Amino acid sequence: MNRRKFLQLGSLSAPLLLTKKTMANGFDETIKPIVVSTWDSGMAVNEAAWKILSLNGRALDAVEAGARQIEDTINCCVGLGGYPDRDGIVTLDSCIMDEQSNCGAVAGIERIKHPVSVARMVMEKTPHVILVGAGAQQFALENGFTLESTTLSDDARKAYEGWLKKSEYKPVINIENKKQNGPFAPNFFDDGSVNHDTMGLVAMDSSSNLSGAVTTSGMAFKVHGRVGDSPIIGAGLFVDNEIGAATSSGLGEEVIRICGTHLVVEFMRQGYDPETACKKAVERIVKRNPEKAKTLQVGFLALNKKGQYGAYAIQKGFVFSVKTDKENRIYPSKYML
Ligand code: SD4
């Protein structure tokens, strides 16, 4: 073979070699659009997001639509149907982040049905990132949102009345163990089913842009004024359009302490796949206090730029929902303890 022929062959075979390379999770190509969300309630949320993603819409619009879907669901622990704080007041936290690292959030907002849309307005209409409490509500009202009633949903009222009997301040989140948590543990229904108070979702659109949103009523029976991880950028949600995005559910205080979702994205930047990145963040929490970790739950969910996804939790019970044009299903998360 002369040199010229060798070079010609080389230039032909190089792309072939590249396309044959298979990625870590077996995906040969980037999967997009895609939306992944926390919990099984994420199935309906993903449907709402998919209406936008499947029409080549923007991931930002999709995650907002997904979050609005669950905020609209009556008797759901997310949104105004959620469980109140220890004073009987429902306060909501939410944030949103787009592919350019624009972000907005509201914390402790009362009587507003769609905190995620207020968060988006904070992002788009103000030079700020977070508005809280009365100021967030005032901003919402000035921007066309209406004040909703203070009446608790039936589920929330029952749970609150039950909790009042002991008024025990004991953060218990998402550990699927009614025996351990007692009859008035947040989110457990008489039929044994569990309702979760936080929805986090991240999506990649057909232009490969990532966005995410979180919406929650926060920890049930919390101290009035308490803010969890959900509206904190880098804790409950982080998006880096070069690398990937992550969201969390569980005991927010533990997630805040390690800047959880930012950490997950940084692990993905170092080359870890989404599940391993989530696992490493969980390890960070558990290592800090292994005894305490036995009593609490945190789960991370991540998506990278190739459309690979993965989750990891401290305890058994965390699940997540995935929607692409090839699949639409709920996966159990792996867990550590
Ligand atoms: C919080 N992270 O307020 C939220 C609670 C949660 O499923 O995720 N519940 O701490």
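Let us begin with Arg-120 and Asp-61, whose side chains meet in a salt bridge, with N and O 2.7 Å apart. Arg-120 belongs to helix 4, residues 115-125, and Asp-61 to helix 3, residues 59-71, so this pair ties together parts that are 59 residues apart in sequence. Please keep in mind that we are looking at a predicted model. As a general point, side chains of opposite charge can pair when their charged atoms come close.

How exposed are the two partners? Arg-120 is buried, with a relative accessible area of 11%, whereas Asp-61, at 30%, is partly exposed. The cut-off for buried is under 20% relative accessible area.

The pair does not stand alone. Salt bridges that share partners join Asp-61, Glu-64, Arg-120 and Glu-124 into one network. The surroundings are the contact of two helices: the axes of helix 3 and helix 4 come within 8 Å and cross at roughly 150°. On the side of helix 3, the residues in this contact include Leu-60, Asp-61 and Glu-64; on the side of helix 4, they include Val-116, Arg-120 and Glu-124. What kinds of residue make up this contact? Five are nonpolar, one is polar and six are charged.

How many salt bridges does a search of the whole structure find? The number is 17. I shall present two others.

Lys-292 is partly exposed, with a relative accessible area of 31%, while Glu-254 is buried, with 3%.

Strand 7 now leads us to a sheet. Five strands form an open sheet of mixed pairing, in the order 7-8-9-10-13. Which strands are at the edges? They are strand 7 and strand 13, each of which pairs on one side only. Within the sheet, strand 9, residues 298-304, and strand 10, residues 309-313, pair in the antiparallel sense over five bridges. Ala-302, for instance, has Gly-310 in strand 10 as its bridge partner.

Helix 10, residues 274-288, lies across strand 9, strand 10 and strand 13, and runs at about 20° to strand 10.

Finally, consider strand 11, residues 319-323. Five of its five residues are buried, so strand 11 is largely enclosed by the rest of the structure. Val-319, Ser-321 and Lys-323 point one way, and Phe-320 and Val-322 point the other way. Strand 11 pairs in the antiparallel sense with strand 1, residues 34-38, over four bridges, and Thr-38 stands opposite Phe-320. Strand 11 also pairs with strand 12, residues 328-332, in the antiparallel sense over five bridges. Lys-323 has Asn-328 as its bridge partner in strand 12, and a hairpin joins strand 11 to strand 12 through four residues.

Methods
Residues numbered from 1 in each chain as written. Predicted model: local features only at pLDDT ≥ 70, side-chain atom pairs only at ≥ 80, totals over all residues. Heavy atoms only, no water. Salt bridge = Lys/Arg side-chain N within 4 Å of Asp/Glu carboxyl O. Buried < 20%, exposed > 50% of the residue type's maximum accessible area, 1.4 Å probe, protein only. Axes fitted to C-alpha atoms, helices over the stretch in contact; angles between N-to-C directions. Contact = heavy atoms within 4.5 Å. Nonpolar A, V, L, I, M, F, W, Y, C, P; charged D, E, K, R; others polar. Pairing = 2+ DSSP bridges.
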